[in-house]
Amino acid sequence: TDMKFVVVGSTTDEIFETIEKKNNRNLIYIGYSSDDELIELYRNAIGFVLPSLYEGFGIPALEAIQLGIKHIAVSDIPVFRELYGEGVYFFNPYDIREFDMSTFLDMEINAEQRNKYMSKYSWSSSTRRMINEL
């Protein structure tokens, strides 16, 4: 694709050692970003991809949804299956060749779905659930 992909965060992990950064014109590595820089990236993004193998929760995808990104892709791992569903594209994190860009761009989170995610995973709803459990 001729789209640009911005990689945020550490790129010193062994997984990035296998990528030839010089030969990937469409990958932009920016390292760690401030909260303000992240917000600006989210607001200007067409889509958001979270290729995680192990995840405790996956807040970055919720941040992307909250800030209006309509195209969200997350690894097809149990925690993401539990958290997400409607409007989110799941992909095999072990074989990126299976990632279908047209399917990703066809899937879109609408306003109703966004509101569901935001109300379900807000600080106040989490606090209420914790108080009810206690």
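**Salt bridges, a pocket and a helix**

Arginine 97 and aspartate 95 join their side chains in a salt bridge, 2.9 Å from N to O. A salt bridge here is a side-chain nitrogen of Lys or Arg within 4 Å of a carboxyl oxygen of Asp or Glu. Welcome to a predicted model, in which local features need pLDDT of at least 70 and side-chain atom pairs count only at pLDDT 80 or more, while totals for chains, interfaces and linings use all residues. Residues are numbered from 1 along each chain as its sequence is written, and side-chain values use heavy atoms, leaving out hydrogens and water.

**Salt bridges**

- The whole structure holds 3 salt bridges.
- Arginine 97 is exposed, at 73% relative accessible area (buried is under 20%, exposed over 50%, partly exposed in between, with a 1.4 Å probe and protein chains only).
- Aspartate 76 pairs with arginine 81 at 2.8 Å, N to O; aspartate 76 is partly exposed at 37% relative accessibility, and arginine 81 is partly exposed at 45%.
- Glutamate 86 and lysine 116 form a salt bridge, with their closest N and O atoms 3.2 Å apart.
- Because glutamate 86 sits in the loop between α4 (78–83) and β5 (88–91) and lysine 116 in helix α6 (residues 111–120), this pair ties together parts that are 30 residues apart in sequence (helices, H or I of at least four residues, and strands, E of at least two, are DSSP runs numbered from the N terminus).
- Glutamate 86 is partly exposed at 39%, and lysine 116 is partly exposed at 41%.

**Helix α6**

- Gln113, Arg114 and Tyr117 are the buried residues of α6.
- Viewed down the axis of α6, these buried residues fall within an arc of 100 degrees, so they line one face of the helix (the arc is that of the directions from the helix axis to the C-beta atoms).
- Ala111, Glu112 and Asn115 are exposed residues on the face of α6 turned away from its buried side.
- The cover over the buried residues of α6 includes α3, α4 and β5, where contact means heavy atoms within 4.5 Å.

**The second largest pocket**

- Among the residues lining the second largest pocket are Phe57, Leu83, Met118 and Trp123.
- α3 (59–66) and α7 (123–133) each supply at least two residues of this lining, and α3 gives the most, with 4 residues.

How values were computed. On a 1 Å grid over the protein atoms alone, a cavity is a set of points where a 1.4 Å probe fits but cannot get out, and a pocket is an open set with protein on both sides within 12 Å along at least five of seven lines; lining residues have an atom within 4 Å of a point.
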